[in-house]
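Q: I would like a close look at one part of this model, followed by a connected account of its surroundings.

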Amino acid sequence: MLGRRSPQRSLFDVLGLPHQVPADSFYGRMGAVSDVLFPDDDLESMYCPDNGRPSLPPSLMNGVLLLQFYDDVSDEEAVERTKYDLRWKVALDLALDFPGFHPTSLTKYRNRLAENGQERYAFNRFLAVGREAGFIPDRVTLLTDTTNVKGAGAVQDTYTLLRKGLRKLLKATGFHVPGKRQGLSPRTRGLIERYVDEDGKADIDWADPQQRLSHLQVLVEDVETALDLAVEESDNDEVRYLGWLLTKILGDDVITDEEGQSQIGQGTASGRMISITEPDMRHGRKSKAQRFDGFKVVVSTEQSSELILDIADVTALCSDGAHLMSSIERTEAETAVSVERVIGDGAYGSGKNRAACAERDEPVDLVSPVAQPSDPEVHKSAFKIDLKAQSATCPQGQTTTGRSGPKQDGRPTWLFTFPRATCEACPLFERCVRSKKTGRTVRAGPYEAYLYEARAQQQTEAFDTVYRLRPAVERKIGELVMRGLRHTRYVGVRKRQLQRLWLGAAVNLKRLFTLTQAQGVDLRAILNDLGPPKAELTMT
């Protein structure tokens, strides 16, 4: 049942006593609006209306979560601070003799938020404040970037992945119940006992390559046996998923040699799984020199107010620019704005992104640099390509016709090949032609027109003026990292996203305090007038 904060005041209320917490600090400003920051009734739908003991008030739990992510502390430390830290007492309007609560209450409350689709509650509430106050206009310019974060799961080798996955599969299939083992062969029962009743880790000399190889044969055979057993439970979603995980691990990590023996494959398969604890974790790269294990987080801020409009956990596999359109769509759906311009670094300036932005019902102006060629005089951009006439003219004035090439993203491409004799007579031949048999070949992709236009815009002063705004999002990411963004606390997409959103909400609240003070806006009145949250969108 929903619990509410009592309006009854106490002699020990910290806000009624002298204290040394500055009124203009984050904690002091939060305390000044603590009674209207998170109304208890906003989340009434998460609780049984007429049964059970009253819960800890959602207004209190929301405030504690916000401060927990703002100060980057554990559940235990968060509870300790509600009891002993004067800054937290001021921010939460707690009495000096507040007894605290058990740390698991925070775990249960986060679970309740995730189960009820309220991960975005605080984040969307503060965005609504920004909209109501006029800080976020109807048409916005987004500054967007991504950063890498560590996953909460342990990075595991192939042997551990197979062993742990096998154990999970057998349990999900029900073989942890002794009665289900009846009628199985002695070998199969022994396999189940080894992985379910015991840890299953082999007692071998792991420094000996031959012993590791022999153990791999046993592991692979055991996995194949378990997958056969799981066929009978194929209607169980968890069993199907775990079966897919084990099949993927075998496909990514294990090969069969000419003698039929299983071997660990050389190299790393694309999208290789690295943790059974957190199956969504992947190897990722921010650059050739910087590798990480975990995820990426997309951060998009509104240019004028510097409020975060979108923060989302995404896979580490794709390039940064692959997440642009989904970020735009989330921003428009959750904030009720139209994105008119996006400013991002070179990773966002692909032809595919430019086409997607230009072809929307309401086009988006994508401001992103295009890589400059090392030898611009003979680069493809120096050729005049006319797709309507299906012709290409080189920098020296020679023209050739083209032929269609393989499709890219379902769109046609064109190949233009110049005669060898024509190219050999050109003074740029050595720099321009790489082939030993033909003349210069130019491939025109489906997005050439967008890239050509982008290169021309990049040479203008207007481009430089707009692109100079981009570092603001890097400063915002720096603030998020300082408050713990790099370290994922939880396993599972919903809880990971909850962490990102509540951290983003805390940073946004700090920014709202600055904006409302600078512009003389009554934050209390806006918070008090906000209605209950709308139905939340489910993250996928």
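With which residue does arginine 500 form a salt bridge, and how far apart are the closest N and O atoms?

A: In this predicted model, arginine 500 forms a salt bridge with aspartate 313, and the closest N and O atoms are 2.6 Å apart. In total, the structure holds 39 salt bridges.

On the H3 side, the contact is made by Asn62, Leu65, Leu66, Phe69 and Tyr70. H19 contributes Leu498, Gln499, Trp502, Leu503, Ala505, Ala506, Leu509 and Lys510. By class, the residues in the contact of H3 with H19 are ten nonpolar, two polar and one charged.

Helix H3 also contains proline 58. Proline 58 counts as buried because its relative accessibility is 0%, where the cut-off for buried is under 20%. Leaving aside neighbours within four places in sequence, proline 58 is in contact with Leu2, Gly3, Asp40, Leu43, Tyr47 and Tyr109. Serine 6 is 52 residues from proline 58 in sequence, and their C-alpha atoms are 12 Å apart in space.

The side chains of glutamate 448 and lysine 380 meet with an N to O distance of 2.8 Å. Glutamate 448 is in helix H16 (residues 448-458), and lysine 380 is in the loop between strand E8 (365-367) and strand E9 (384-386), so that distant parts of the chain, 68 residues apart, are linked. Glutamate 448 counts as buried at 13% relative accessibility, whereas lysine 380, at 24%, counts as partly exposed.

The other salt bridge joins arginine 163 and aspartate 199, at 3.7 Å from N to O. Arginine 163 sits in helix H8 and aspartate 199 in the loop between H9 and H10, 36 residues apart. At 9% relative accessibility arginine 163 counts as buried, while aspartate 199 is partly exposed, with a relative accessible area of 40%.

Eleven of the 15 residues of H8 are buried, so the helix is largely enclosed by the rest of the structure. Among them are Thr158, Tyr159, Leu161, Arg163, Gly165 and Ala172. The elements that cover the buried residues of H8 include helices H9 (186-197), H10 (209-230) and H11 (237-253), together with strands E2 (254-256) and E3 (262-264). H8 is followed by glycine 174, which has a positive phi, near 100°.

Definitions and conventions:
Residues are numbered from 1 along each chain as its sequence is written. This is a predicted model: local features need pLDDT of at least 70, side-chain atom pairs count only at pLDDT 80 or more; totals for chains, interfaces and linings use all residues. Side-chain values use heavy atoms; hydrogens and water are left out. Contact means heavy atoms within 4.5 Å. Helices (H or I, at least four residues) and strands (E, at least two) are DSSP runs, numbered from the N terminus. Ala, Val, Leu, Ile, Met, Phe, Trp, Tyr, Cys and Pro count as nonpolar, Asp, Glu, Lys and Arg as charged, and the others, Gly among them, as polar. Buried means under 20% relative accessible area, exposed over 50%, partly exposed in between (1.4 Å probe, protein chains only). A salt bridge is a side-chain nitrogen of Lys or Arg within 4 Å of a carboxyl oxygen of Asp or Glu.
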